[in-house]
Amino acid sequence: MKTTAIDNEPCALRAWAEARMIYLELTDGRIVGFPADRFKVLSAATQEQLKQVTIEVNGYALRWEALDEDLTVAGVVAGKFQLPLPEQAA
């Protein structure tokens, strides 16, 4: 049986925002969270804007339409963030 790279990538079932954290429930049962402040566009967003996250591309991407921001689920799970942790969290 041939396996493609996308078959091994994490896929999100749902996404939500709480207290400036974005959470993803993945198809393998894991729940992954990351601070919105690790991404440039999300760091400037309000909590209400963060809550407008949707799952796109059959679970492989996150979208914030009002912010015109897209993130891949695989990138988030791999920890590929744009910004470092704030000093107090490091």
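I take buried to mean under 20% relative accessible area, exposed over 50%, and partly exposed in between, with a 1.4 Å probe and protein chains only. The model is predicted, with local features needing pLDDT of at least 70 and side-chain atom pairs counting only at pLDDT 80 or more, while totals for chains, interfaces and linings use all residues. Residues are numbered from 1 along each chain as its sequence is written, and side-chain values use heavy atoms, with hydrogens and water left out.

**Entry 1: the sheet β1-β2-β3**

I looked up the strands, which are DSSP runs (E, at least two residues; helices are H or I, at least four), numbered from the N terminus. I count two strands as paired if DSSP finds at least two bridges between them. In the order β1-β2-β3, three strands make an open sheet with antiparallel pairing. Strands β1 (12–18) and β3 (31–35) each have a single partner strand and stand at the edges, so one side of each lacks a neighbour in the sheet. On average, neighbouring strands here are turned by 20 degrees against each other, direction ignored; axes are lines fitted to C-alpha atoms, for helices over the stretch in contact, and angles run from 0 to 180 degrees between N-to-C directions. Six bridges pair β1 with β2 (residues 21–26) in the antiparallel sense. I found E18 opposite M21 in β2.

**Entry 2: the sheet β4-β5-β6**

I then examined an open sheet of three strands, ordered β4-β5-β6 and paired antiparallel. Its edges are β4 (54–56) and β6 (69–72), each with a single partner strand, so one side of each is left without a neighbour in the sheet. Strands β4 and β5 (residues 61–64) run antiparallel and are joined by three bridges. T54 stands opposite R63 in β5.

**Entry 3: the nonpolar core**

I define a nonpolar core as a set of buried Ala, Val, Leu, Ile, Met, Phe, Trp, Tyr and Cys residues joined through side-chain atoms within 4.5 Å. Which members of the largest nonpolar core touch the most other members? Of its 20 residues, they are F34, L42, L50, L62, W64 and L71. The elements giving two or more residues to this core are β1, β2, β3, β5 and α4 (73–77). I listed the contacts (heavy atoms within 4.5 Å) of L62, leaving out residues up to four places away in sequence: among them are A15, L24, F34, V53, I55 and L71.

**Entry 4: salt bridges**

I searched the whole structure for salt bridges (a side-chain nitrogen of Lys or Arg within 4 Å of a carboxyl oxygen of Asp or Glu) and noted seven. One joins E25 and R14, with the closest N and O atoms 2.7 Å apart. E25 lies in β2 and R14 in β1, so this pair ties together parts that are eleven residues apart in sequence. E25 is partly exposed at 23% relative accessible area, and R14 is partly exposed at 42%.

D37 forms a salt bridge with R20, the closest N and O atoms being 3.1 Å apart. D37 is in the loop between β3 and α2 (40–43) and R20 in the loop between β1 and β2, so the pair ties together parts that are 17 residues apart in sequence. I recorded D37 as partly exposed at 34% and R20 as partly exposed at 25%.

Salt bridges with shared partners join R63, E65, D68 and D70 into one network.
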